[in-house]
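Please find my notes on this model below.

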Amino acid sequence: MVVFEKTKGLTDNELHYCPGCTHGIIHRLVAEVLEELGVTGKTVGIASVGCSVFSYNYFNCDMIQAPHGRAPAVATGAKRANPDNVVFTYQGDGDLAAIGTAETVHSAARGENITLIFVNNAIYGMTGGQMAPTTLPKQVTQTSPYGRDVTVVGYPVKVCEMLSQIDGATYLERVAVNNVKNIKKAKQAIKKAFQYQIEGKGFTLIEVLSTCPTNWGLNPKDALKWLDENMETYYPLGVYKDKYKEEK
């Protein structure tokens, strides 16, 4: 009797992420969903620039490497060229919410039938822990050593809230992967987003609150606690838009 086995949606390559980073959990959830839906063989993933830049080594499907921030644009081309394929991007906050803001917003505005997996850890991870568009007020980073001062640099970008005002967006949900209950909910949300795409319902985005123990200066256990006590307060979990549910 098999109790648990690694999904065939992932390759056998060893992940390069730091100890305690939850990118690996999110990878597994995406891969499990693609396998369960039976679409791994016709899926195209778009790898972004950032800590997840090597995601093309881990997902067991066709992958394309996009320039920094341009993953939604590349995904648009891949989907329009082969509408029967399932196309998703895998992006961090520095990629999606900074240099890629325009691509994200306009892909949603056009109602592109693609799925964006948005990993929000409130900091630039790969480049050393600088302040990101999602860094919390007063949060200490390498470039905000006294904490983020919103009177100087402005407030964090709340992606789900922002995109919920765009008519072309179909399904937006913010989830987290800091405990078993939230991980289960995250998988359900990811699966629903891909199911909507398969049904041709349009633009979907799942924002996943994630940890970055290395750049937060915390051990993995304390990082999970910090996410729970700080990030979930500023970025509340839940469905921000479900166009088809609202229409019923």
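1. In what order do the strands of the open sheet run? The order is S2-S1-S3-S4-S6-S5-S7, seven strands with mixed pairing; strands are DSSP E runs of at least two residues and helices H or I runs of at least four, numbered from the N terminus. Two strands count as paired if DSSP finds at least two bridges between them. S2 and S7 (238-242) are at the edges with a single partner strand each, so one side of each has no neighbour in the sheet. On average, neighbouring strands are turned by 15° against each other, direction ignored.

2. This is a predicted model: local features need pLDDT of at least 70, side-chain atom pairs pLDDT 80 or more, while totals for chains, interfaces and linings use all residues. Residues are numbered from 1 along each chain, and side-chain values use heavy atoms, without hydrogens and water.

3. S3 and S4 pair in the parallel sense over five bridges. Phe 88 stands opposite Thr 115 in S4.

4. H1 lies across S1, S3, S4 and S6 (203-209), at about 175° to S3. Angles run from 0 to 180 degrees between N-to-C directions, with axes fitted to C-alpha atoms, for helices over the stretch in contact. H7 lies across strands including S5 (169-176), to which it runs at about 165°.

5. Ile 25 is in H1 (residues 23-36). At 24% relative accessibility, Ile 25 counts as partly exposed, the class between buried (under 20%) and exposed (over 50%), with a 1.4 Å probe and protein chains only. Beyond four places in sequence, Ile 25 touches Val 177 and Ile 183, contact meaning heavy atoms within 4.5 Å.
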